[in-house]
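Me: I am new to this protein and would like to know what the terms used for it rest on. Could you show it to me and take me through them?

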Amino acid sequence: RGVQLTSNQFDFSLTNRKALKSGLIKSCKAQGVIPFASNPLDNGLATGIYTSSNPSGSEADGRFQYPLKVLDKWAELHSVQEALAVRVKTRVQRTSMEDREFRGYRGPPPKINTDITTTQIAMNYIVAKGCVPVVSIATPKQAEELIGCMGWSLTDEEVQELDNAADLCEMNG
């Protein structure tokens, strides 16, 4: 009583969009509540690293993180993530070059990651949906990859492509 909710934390990722489909994210934003997305990479499934063509994620031990049936279900989404990583990389590189040319002699442009990964696509999707991702980082490599999410974002069209692919995967599941 008398206490206002300022944030709400729930599971949300490209492969677990229940909070989006139920209207929870929209409701949070409408009420001024900050939506925090727990498990934004869905234990690795949303990263695009584990795919039906690479079920071990190129891990040295060769163990499959997920059953092939699960990876097959998300194959279309993983393909879209891979294509977007290439497209976003090209866009970010072009923008970076244009910034350099525009700045001329006024100093160096800010360093922005141009090695876009499918994991970064998944993280920027969460941000594009208006959520703050809550990520567990266990290694310096993971930290570097997450830092690489900064300085660029997905376009509305790219977000829609991901939504369409995820919708298709959910229907096929």
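**Core, sheet and surface**

Reply: Gladly! The largest nonpolar core has 37 residues, and those with the most contacts inside it are Phe12, Leu77, Ile121, Tyr125, Leu154 and Leu162. This is a predicted model, where local features need pLDDT of at least 70 and side-chain atom pairs count only at pLDDT 80 or more, while totals for chains, interfaces and linings use all residues. Residues are numbered from 1 along each chain as its sequence is written, and side-chain values use heavy atoms, with hydrogens and water left out.

Me: What makes this set of residues a nonpolar core?

Reply: A nonpolar core is a set of buried Ala, Val, Leu, Ile, Met, Phe, Trp, Tyr and Cys residues joined through side-chain atoms within 4.5 Å. Buried means under 20% relative accessible area, exposed over 50%, and partly exposed in between (1.4 Å probe, protein chains only). The 37 residues form such a core. In soluble globular proteins, nonpolar side chains tend to be buried together.

Me: What does Phe12 touch?

Reply: Contact means heavy atoms within 4.5 Å. Leaving out residues up to four places away in sequence, Phe12 touches several residues, among them Leu20, Ile25, Pro40, Tyr125 and Cys131.

Me: How many helices and strands does the protein have?

Reply: Helices (H or I, at least four residues) and strands (E, at least two) are DSSP runs, numbered from the N terminus. By that rule the protein has 7 helices and 3 strands, and from the N terminus on they run β-α-α-β-α-α-α-β-α-α.

Me: How do you know that β1 pairs with β2?

Reply: Two strands pair if DSSP finds at least two bridges between them. There are 5 bridges between β1 (residues 7-11) and β2 (residues 34-38), so the pair qualifies, and the two run parallel. Gln9 stands opposite Phe36 there.

Me: What joins β2 to β3?

Reply: Here 3 bridges link β2 to β3 (residues 132-134), again in parallel. Phe36 stands opposite Val132, and Ser38 has Val134 as its bridge partner.

Me: Why are β1 and β3 said to stand at the edges?

Reply: The open sheet has 3 strands in the order β1-β2-β3. β1 and β3 each have a single partner strand, so one side of each is left without a neighbour in the sheet.

Me: What share of the protein is buried?

Reply: Buried residues make up 36% of the 173 residues.
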